[in-house]
Amino acid sequence: MNNSVSNTGRLLWAGLRALLVLTLVTGVIYPLAVTGIAQALFHDKANGSEIKADGKVVGSSLIGQQGYSLDYFQPRPANGLGQNSVNTQYKLILSGATNRSADNPELVTWVKEAKAKVVKDNSTADYTVRPSQVPADAVTSSGSGLDPDISPAYADLQVHRVAEKNGLTVAEVQKLVDEHTTGRTLGFIGEPRVNVLELNIALKALAAKS
């Protein structure tokens with residue numbers, strides 16, 4: 001009987017020690033080590049790839065923002081992602097694709113309406129946008145709906161409107177777009193892209209100087 005109690009006690013103590021050691025290693029030491037390495041080697045990425053303007057964090061280079069006025073470059077659409085119907089007291093931020101097929105009548109209508117709006121919004125007194133100039137990313141949301149980038153073609157399409165709205169020359173705004181165009185990763189992965197938030201911050205600074 002005594003031996004049985006003694007063995008049980010030793011097993012309980014061994015289990016408790018294993019729990020404490022694993023908790024210390026996996027719950028304290030490992031997270032601290034990973035966090036320390038990330039902060040030391042990848043400080044910007046570890047903190048969310050923050051973008052700052054006027055000394056304040058205004059967003060992340062990884063997450064697109066909506067709601068820009070026509071004075072600024074517009075991002076990809078983010079409609080069709082659904083609505084919060086569970087608790088209407090709060091407006092949830094949803095991400096995801098529309099899951100509609102390319103020949104879905106509703107999606108086709110959205111694209112046609114979006115294209116007409118892009119043509120109308122970006123045509124100026126001395127520049128008319130043709131429907132054939134409108135790239136796909138100007139009228140469709142990304143898979144997540146949170147794409148922070150647009151194609152150089154869509155950025156170029158907006159240059160005349162942005163220049164007119166801000167009292168800048170087309171050449172000045174085009175130069176800004178060119179400076180903020182990122183090529184393919186490693187020269188062959190992905191497509192050239194323009195980060196909308198970073199471009200609009202630079203635009204605001206340029207407009208303030210003029």
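Reader: Which residues does Asn195 touch, not counting residues up to four places away in sequence?
Author: This is a predicted model, in which local features need pLDDT of at least 70, side-chain atom pairs count only at pLDDT 80 or more, and totals for chains, interfaces and linings use all residues. Residues are numbered from 1 along each chain as its sequence is written, and side-chain values use heavy atoms, without hydrogens and water. With contact taken as heavy atoms within 4.5 Å, Asn195 touches Ile51, Ser61, Pro148, Asp149 and His180.

Reader: Is Asn195 buried or exposed?
Author: Asn195 belongs to strand E5 (residues 193-195), strands being DSSP runs of at least two residues and helices of at least four, numbered from the N terminus. Its side chain reaches the backbone nitrogen of Leu197 at 3.2 Å. Buried means under 20% relative accessible area, exposed over 50% and partly exposed in between (1.4 Å probe, protein chains only). Because its relative accessible area is 8%, Asn195 is buried.

Reader: At what angle do helices H4 and H5 pack?
Author: Two packed helices are described by the angle between their axes and the distance between the axes. Axes are lines fitted to C-alpha atoms, for helices over the stretch in contact, and angles run from 0 to 180 degrees between N-to-C directions. For H4 (residues 152-166) and H5 (residues 170-179), the axes lie 9 Å apart and the angle is about 140 degrees.

Reader: Which residues of H5 make the contact with H4?
Author: On the H4 side, the contact is made by Ala155, Asp156, Val159, His160, Val162 and Ala163. The H5 residues are Val170, Val173, Gln174 and Val177.

Definitions and conventions: A polar contact is a pair of N or O atoms within 3.5 Å; within protein, one must be able to donate a hydrogen and the other to accept it, and residues adjacent in sequence count only if both atoms are side-chain atoms.
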